[in-house]
Amino acid sequence: MTERPTDFDTLTDPPPPEHPDTAPGADVGQGAQVVNLDTARADLLPYGTLLPPTPGLLDDPRQAVRDTSYEVELDAPPDEADDAGTAPVPVDPPAPVLLESEQGDKRRPIIPPGLRRGSLPGTVRKTAERVAYVAGFHAARAPWYTVQALWWAIVGVFRLIGRQLRWWWVIEQYTLLQNSASDNDPAMWLKLHREGKATRRWRGIALFFEVIALGIVVLIAVGADLAPLWWAGITAALVPVLALYGRPAGRQIIPTAVVSNRYRLLNSDVVLRAYYAAGLGHPDKSNQQVKFGSRMSRDNAGIGSEVLVDLPYGKTFEDAVKARGAIASGLDVTVQQVYLTRDATSNRRHMLFVADRDPLAVPAGRTPLLDGKPRNIWQPAPFGLDERGRKVELLLLWISILVGAQPRKGKTFAARLLALYAAMDPYVRLTVVDGKDSPDWRKFALIAHRIIFGTMPNRDGDPVEMLLDALREIKAHIQQVNQFLSTLPVTECPDGKLTEELSRKYPNLRVWVLVMEEFQVYYELDDQETNKEIASLLSFIMAVGPSAGVIILSSSQKPGGVGAGDVQRLFNRYRDNHAVRFALKCGNRNVSDAILGGDAYSEGFDASSLPIGKQYRGVGYLYGASDDTPTVRTYLADAADAEKILTTARALRERAGTLTGYAAGQVMARDVRDVLADALSVFQGSETGQPWTVLAARLAERIPEHYADLNSDAISAQLRALGVPSVDVKRDGKALKGAKKTAITAAIDRRQNSAG
């Protein structure tokens, strides 16, 4: 089979017929046939051509203003059929949205999608934006348009006079006279000469009366002393006509305000060429042909083309993923424009989507949080747009999220975007830990329960000790939540799980977000015992926290090679147990695997292969949030946006009365009066009770600044004063006096309920 170019652009109308001025019924010569021009133009369209989508004004606001130009074709159009007689499969416009009735037939919606209640404001807004842009574009250039129109109108007057003179002198006869002279045919020459003189005579008379009539009209208009408004109307009517006649062919006085993008069309030949060139089949071998499971069509968003591809038997979706770059080369587009989606019916079938332009270079825009409306942590957070322009949302509850990337690729902005969403729910408590001690998280002091920066002591205290206190507090909260949920009646907590209603009703059941920016620095401290305790606490929170409504949002530019021995093991366990991962541009495949996990590469996701450039900041793979792994362009919230959102979030919390901790001006230093939470934090695993001697020893070891001199009698007295009874606790087969975990939890509940 001979290769021939078959991909081309839908950019211009087809060429007009050879005689566009021929009207039906005109005498076009013997044997000629008068055809309908509209039909002829339609027939001239190459088979498989997709014209630019032109839905109605209300269906698609992007087409509301038809002030659009199309550039030249990229490729020559394909022939009607190849050597085998097979015509290319056309790319169809997107199918209309149909509704299925009870009778099973398909019906078009009565109200177009663009006019429905949820879409109407956006339709009106986008249409108004485009109309305003086009109006402003032309208004700014109106003086120049006027100057050009006047100039070309003057030229048009002289051109019109010249055409009238050429018409009078019958200059088209000169060719016939010259041919007669060349053929030495004096009879024909004399005949043509006589006919020419006669034609000039009657045309001259007609031209004379035309000049007389024009002069009379001018004299009447001047003598009538018309108002300036009439002269302006006459000028406005004549100047455009004369300017149109006077301007050079192909030159526009008023250019288009919007130029449509150039893009490739898909057809069967192009796709087959790409897949065969990528080694995914062979056209001449039995059972090795690539086939199609659907017609090629435009996607519903109108930003690309898609088709269902059936690979030859024995080829898999993974093979196609590995050959994605070669497929893009065969399609003559960039690899960022090619996306493959697994089909659930067969491992050799997938959906091929080819975007008209690089979708990752198109910014997703500002975050919707700037509208200042309160959010609900029980609803998905807006995160960005995927490669097909669809909104990507992420439900933060019940998961932990890891964000990783090279420096200055958008890692902090992506993590902060999710934290800002949590901040806009006034019933969410936030603990923010910024290991790199940067300005990016400073404004969270407006709403954070605790906020910690760096590892070196500062004016707020020792960050490491503050982190230990914060993690112990969250651990105690998790234990208390799980214990409290188990005490609720079935009528109030049917499944024994935290619900939105419970988190609103009981202050001690609030959802808690723990932000760990550059968390790896807290695994690399000089004190190995501190490293181990931080690692142990984070591992506990990671494992148990989600069920208690504790969300972990971690970010790191160094997701591997941290610590040694137990610290390294705990670091890797903490990193690998994040349920959802978002990887932006990484330095190499090993870093990408550390963030996304080892299975991601085999599925075709390597964050080190993401494109480089300023326009690609905030672009990454969102892995584990759904069955698909979209390439997400995150919304933007810069420092000014973050401050605005956090200021609004503080106002919401003040109104709801939910400001706590650092943001409320409370001193977060540890106090002996928090002995209940401290005692609860030292219980391990499934322990239900501890003797006073063990409790005292553990508190002295883990929190020496407050319990270094604590003995069993002192801890017993302090806890009994807070309502924790002294009971027998079995330890190593002996019954010793101590405290039950349930009793400590009950005392904490009583205190929090009375405070709430």
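Cys493 counts as buried, because its relative accessibility is 4%. Cys586 is buried too, with a relative accessible area of 1%. The structure is a predicted model. It holds zero disulfides. A disulfide is a covalent bond between the sulfur atoms of two cysteines.

Aromatic rings were examined next. The count comes to 16 aromatic pairs. One of them joins Tyr523 and Tyr574. This pair is tilted, with 6.4 Å from centre to centre and 40° between the planes. Tyr523 lies in the loop between strand E15 (511-517) and helix H12 (528-544), and Tyr574 lies in helix H13 (residues 566-576), so the pair ties together parts that are 51 residues apart in sequence. Tyr523 counts as buried at 1% relative accessibility. Tyr574 is buried at 0%. Ring pairs also link Phe519, Tyr523, Phe571 and Tyr574 into a cluster.

The ring centres of Phe605 and Tyr623 are 6.4 Å apart, and the planes meet at 65°, so this pair is edge-to-face. Phe605 sits in the loop between helix H15 (598-602) and strand E18 (619-623), while Tyr623 belongs to strand E18. The two residues are 18 residues apart. Phe605 is buried, with a relative accessible area of 17%. Tyr623 is buried at 15%.

Charged side chains also lie over rings. Arg442 lies over the face of Phe453, 3.7 Å from the ring centre. Lys475 lies over the face of Phe540, at 5.0 Å from the ring centre.

Ile216 is placed in helix H4 (residues 186-223). At 45% relative accessibility, Ile216 counts as partly exposed.

Notes. Residues numbered from 1 in each chain as written. Predicted model: local features only at pLDDT ≥ 70, side-chain atom pairs only at ≥ 80, totals over all residues. Heavy atoms only, no water. Helix = DSSP H or I, 4+ residues; strand = E, 2+ residues; numbered from the N terminus. Buried < 20%, exposed > 50% of the residue type's maximum accessible area, 1.4 Å probe, protein only. Disulfide = S-S within 2.5 Å. Phe/Tyr/Trp six-rings, centres within 6.5 Å; stacked < 30°, edge-to-face > 60°. Lys NZ or Arg CZ within 6 Å of the ring centre and 35° of its normal.
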